[in-house]
2 protein chains.
Amino acid sequence: MYSPMIETLIEQFAQLPGIGRKSAERIAFYLLDSMSKDEVEHMSKVISYAKNSVLFCEECQNLTDISPCPICSSPKRDKSVICVVEEPKDVSAIEKTGQYNGLYHVLHGVISPIDNVSPDDIRIKELLRRLSDETVREVIMATNPTVNGTATAVYIKRLLKPMGIKVTRIAHGIPIGSDLEYADEVTLSKALEGRTEMN
Amino acid sequence: MYSPMIETLIEQFAQLPGIGRKSAERIAFYLLDSMSKDEVEHMSKVISYAKNSVLFCEECQNLTDISPCPICSSPKRDKSVICVVEEPKDVSAIEKTGQYNGLYHVLHGVISPIDNVSPDDIRIKELLRRLSDETVREVIMATNPTVNGTATAVYIKRLLKPMGIKVTRIAHGIPIGSDLEYADEVTLSKALEGRTEMN
């Protein structure tokens, strides 16, 4: 239906997360019909350049083009707290709250025996190395509240116990603005379990 | 928050239609974290190559990399009917029905005095040129049922009248699977107006 070159372009976009066939067609036509040659050339170069220059921060393992990354090298961040997350995008989710001023550690995955992902396959030893100099007083486990995310949090908690570091877990409960009646049973149970005293 | 290179990459995706800031971040991280260098390099090259090799079919004005395009040069298509649409994506929408076997003509826009788009700015003269050899018996106006789309259809219909070519308009009415009570008044009026006799 399309000429092979347009078809190839559509397929390139369709492989990206959250983009279906129809969105990919729309993007391809926008690129071919509405963007200038210079704009498209720039996009092509940015994609290639970004991939070739990206690296992992030697401290937090987040994606960056300078190591240590801006967060790890900032003098304004509290270096006594590390928040452990699964993926780079979780860092940006937490940063957007503006409520956290400590450091991060990106695991790049979770332990998952069924997918053959063992503790050695995610960046746990890099976390342990960062904890060896005793600057860090608290590690916040912010992995997702899934079976694997929780198991990974528990695994790391056990590793850190002998080191005398405080390990906390982010709260799970009813989302703000949501309605009790629409909460699933597990969330509601967690919300009850994690109740705190009102002042 | 992000290193400048990642921020630039996110902005590149955020400018595309249907992709918001959050989706752009997700795509950027997917590209940096999950795709291989070869895959990303290939994507970068396809984008650049597609933009540089795209051209307009000398017949139907659709986007293609060979002119005439596969549809115009197919011996299986009925060359006596031309369906006039606004944009290349409208061609693919109609092709997907599998119900149309004629040719197309892509206007690349509609007449819109308020946006300073005159009949000379869209590909109407290219349509007239195609009609000069008397092969075409019918022109189907499939511009969108908006003010400008309808005005453009009427404008072209008037131009073709002296040439003795049959000009038709696609039907407008209640979408299949939809419900009468949710149809707006204009659509419902059009549906009544365009009623056909049942056999």
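The dialogue below treats the interface and then one residue.

Reply: This is a predicted model, in which local features need pLDDT of at least 70, side-chain atom pairs count only at pLDDT 80 or more, and totals for chains, interfaces and linings use all residues. Residues are numbered from 1 along each chain as its sequence is written, chains are lettered from A in the order in which they are written, and side-chain values use heavy atoms, without hydrogens and water.

Me: What area is buried between chain A and chain B?

Reply: Interface size is often expressed as the accessible area lost when the parts come together. Here about 5,000 Å² is buried between chain A and chain B, and carbon and sulfur atoms give 69% of that area. The value is the loss of accessible area (1.4 Å probe), summed over both parts. Chain A and chain B each bring 53 residues to the contact (heavy atoms within 4.5 Å).

Me: How many salt bridges cross the interface of chain A and chain B?

Reply: A salt bridge is a side-chain nitrogen of Lys or Arg within 4 Å of a carboxyl oxygen of Asp or Glu. The rule finds 2 across this interface. A:Lys96 forms a salt bridge with B:Glu25, with the closest N and O atoms 3.0 Å apart.

Me: Is A:Glu95 buried or exposed?

Reply: Buried means under 20% relative accessible area, exposed over 50%, and partly exposed in between (1.4 Å probe, protein chains only). A:Glu95 has a relative accessible area of 16%, so this residue is buried.

Terms used. Buried area is the accessible area (1.4 Å probe) that two parts lose on being put together, summed over both.
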